[in-house]
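User: I am new to this structure and would like to go through it in short questions. Please begin with the terms that are needed.

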Amino acid sequence: MRTLAEFIMRGRAQACLVALLGVLVPLIGPAAVGLVTLRKGSFEGALVTLWASLPFVVSYFAGQSSPFIAVMSILALANTLIVANVLRGTASWSLALVSDVCVAVGFVVVAGVVFQTDLGVMMSDLTELFVSVSEQLEKDYVMPDTSGVLAWVAWMTAFSALLGVVVARWWQALLFNPGGFQQEFQGIRLESKVGLGCSLLVILGFTLLSEFQFWLQLASIPLIVCGLSLLHYTAKVKKAGGYWLVLMYLGLFLGPVMSGLLVALGAIDSVLNLRARLVADNQS
């Protein structure tokens, strides 16, 4: 990965080439956009974003895949550019995380209106897929409505941008500040008002049985990241083995229990600053 990051940093042509070919490997394109933006600014990042978007532009006009997914893939790269700019300008992961979710939601809502015809084509394809799967497995699967599908797209858009910026920040640390990313990641914490706001939206998302339920739960993304950060910091302070972190990530991918725990930890930490308490307990 260090070799790839060094190649990207050699010049504009190299960065654009990696971004263009990055569509073949998950996260490489967004990470290239993020790295160039973090290091060289928004103009250079925008140029790399254009090259990373080129395969999706071709796909859209060639009709080789879902046009709406191609549009959202381009907007996900734009979201990466924006989040990286926020992080570069403010050095605040709290603002970067919130902007990631807000921009993703805004992009999806606007795309759903502007590209309504393409969205209709995707919904038709999904309906046929659900019918086919239900017939093959002899089980009825409920097709999500348009709002539910758009909310799912918003989740994917937010996660794609977030992971791209995280990888980009890691690459930046490898090249210019070895070991700095670990310390930075372990210090990610939401401001108390932001944490309380996200917590309230998540609670509403779980209690309100409406079409906005999945949308409101998008506010859990910043809390999950902060919960992960806190557990990584705790493992370092308590000198716990790395296998605890492995189990945590397995639990995160295998079920909702770990996600709920991380949301709770992120919310509590935003108010009580649990890291300071851990340091005090460790020194006593």
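Analyst: Helices here are DSSP runs of H or I with at least four residues, numbered from the N terminus. The model is a predicted one.

User: In which helix is glutamine 172 found, and is glutamine 172 buried or exposed?
Analyst: Glutamine 172 is found in helix 8, which covers residues 146–176. A residue counts as buried under 20% relative accessible area. The relative accessibility of glutamine 172 is 13%, so glutamine 172 counts as buried.

User: Which residues does glutamine 172 touch, not counting residues up to four places away in sequence?
Analyst: Glutamine 172 and valine 86 are 86 residues apart along the chain, and their C-alpha atoms are separated by 16 Å. Not counting residues up to four places away in sequence, the residues that glutamine 172 touches are Leu35, Leu38, Arg39 and Asn177.

User: How many Å apart in space are arginine 169 and glutamate 184, C-alpha to C-alpha?
Analyst: Arginine 169 lies in helix 8 and counts as buried because its relative accessibility is 15%. With residues up to four places away in sequence left out, arginine 169 touches Leu38, Leu87, Trp93, Phe181 and Glu184. In sequence, arginine 169 and glutamate 184 are 15 residues apart; C-alpha to C-alpha, the separation in space is 9.5 Å.

User: With which residues is glutamine 186 in contact, leaving aside its neighbours within four places in sequence?
Analyst: Glutamine 186 lies in helix 9, residues 180–186. Its relative accessible area is 5%, so glutamine 186 is buried. Leaving aside neighbours within four places in sequence, the contacts of glutamine 186 are Ser229, His232, Tyr233, Lys236 and Arg275.

User: How many Å separate the C-alpha atoms of valine 71 and alanine 111?
Analyst: Valine 71 has its place in helix 5 and is buried, with a relative accessible area of 9%. Not counting residues up to four places away in sequence, valine 71 touches Tyr60, Ala111 and Phe115. Along the chain, valine 71 and alanine 111 are 40 residues apart, and the distance between their C-alpha atoms is 7.8 Å.

User: Is helix 5 parallel, antiparallel, perpendicular or oblique to helix 7?
Analyst: The axes of helix 5 (residues 67–90) and helix 7 (residues 116–137) come within 7 Å and cross at roughly 120°. That angle makes the relation of helix 5 to helix 7 oblique.

User: How far apart are the end C-alpha atoms of helix 12, and how many of its 18 residues are buried?
Analyst: Helix 12 has 18 residues, 220–237, so at 1.5 Å a residue it should span 26 Å; its end C-alpha atoms are 25 Å apart, which agrees. Helix 12 is mostly covered, and of its 18 residues the number buried is 15.

User: Are helix 12 and helix 13 roughly parallel or antiparallel to each other?
Analyst: Helix 12 and helix 13 (residues 242–254) pack with their axes 11 Å apart, at an angle of about 160°. An angle over 145 degrees counts as roughly antiparallel. Therefore helix 12 and helix 13 are roughly antiparallel.

User: In the contact of helix 12 with helix 13, how many residues are nonpolar?
Analyst: Helix 12 passes helix 13 in a right-handed crossing. Leu228, Leu231, His232 and Ala235 of helix 12 make the contact with Leu245, Met248, Tyr249 and Leu252 of helix 13. In the contact of helix 12 with helix 13, no residue is charged, one is polar, and the nonpolar residues number seven.

User: Is alanine 91 buried or exposed?
Analyst: Alanine 91 lies in the loop between helix 5 and helix 6 (93–114). Its phi is near 55°, a positive value in a residue other than glycine. With a relative accessible area of 60%, alanine 91 is exposed.

Conventions
Residues numbered from 1 in each chain as written. Predicted model: local features only at pLDDT ≥ 70, side-chain atom pairs only at ≥ 80, totals over all residues. Heavy atoms only, no water. Helix = DSSP H or I, 4+ residues; strand = E, 2+ residues; numbered from the N terminus. Expected span 1.5 Å × (residues − 1). Buried < 20%, exposed > 50% of the residue type's maximum accessible area, 1.4 Å probe, protein only. Axes fitted to C-alpha atoms, helices over the stretch in contact; angles between N-to-C directions. Parallel < 35°, antiparallel > 145°, perpendicular 65-115°, else oblique. Contact = heavy atoms within 4.5 Å. Left-handed = near helix turned anticlockwise from the far one by under 90°. Nonpolar A, V, L, I, M, F, W, Y, C, P; charged D, E, K, R; others polar.
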